[in-house]
Amino acid sequence: MSLDVNTIFQIAGIGIIVAMIQTVLKQMGKDDWAQWVTLIGFVVILYMAATMIDDLFVKIKNVFLFM
C-alpha cells in the first residue's frame, strides 16, 4: 500500500471533473444524466478507496500473522 499524494490528487481530479460535467448537464436540462454521472463518479472513487482499504487489511494481516 502506497498512499501517496498522487492518489489524493486522482480522487480530487475525478471529483472536479464530475462536478464540471454535472454542472454542464444540469444547465442543459439533462438532470437525469447529471445524476448518473455523479453516481458513476462516486462508484469509481468508492472502488479506489475499497482497493486501498483492502491493501491496508492485507498489510495488517501480514504484520500480525508474520507472513
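A residue is called buried when its relative accessible area is under 20%, exposed when it is over 50%, and partly exposed in between, using a 1.4 Å probe and protein chains only. By this rule T23, at 41% relative accessibility, counts as partly exposed. The model described here is predicted, so local features need pLDDT of at least 70 and side-chain atom pairs count only at pLDDT 80 or more, while totals for chains, interfaces and linings use all residues. Residues are numbered from 1 along each chain as its sequence is written, and side-chain values use heavy atoms, with hydrogens and water left out.

The protein has 2 helices and 0 strands, where helices (H or I, at least four residues) and strands (E, at least two) are DSSP runs numbered from the N terminus. Its C-alpha trace spans about 55 × 20 × 10 Å along the principal axes. The radius of gyration is 17 Å, whereas a compact globule of 67 residues would have one near 11 Å; this radius is taken over C-alpha atoms, and the globule rule is 2.2 Å times the number of residues to the power 0.38. Buried residues make up 10% of the 67 residues.

Next comes the pairing of the helices. Helix α1 (residues 5-27) and helix α2 (residues 31-65) have axes that come within 8 Å and cross at roughly 170°. Here, axes are lines fitted to C-alpha atoms, for helices over the stretch in contact, and angles run from 0 to 180 degrees between N-to-C directions. The two helices are therefore roughly antiparallel to each other, a label for angles over 145 degrees, with those under 35 counted as roughly parallel, 65 to 115 as roughly perpendicular and the rest as oblique. Contact (heavy atoms within 4.5 Å) involves, among others, I14, V18 and L25 of α1 and A34, V37 and G41 of α2.

In α2, A34, V37, G41 and M48 are buried, and the buried residues of α2 pack against α1. Leaving aside residues up to four places away in sequence, L25 touches K30, D31, W33, A34 and V37.
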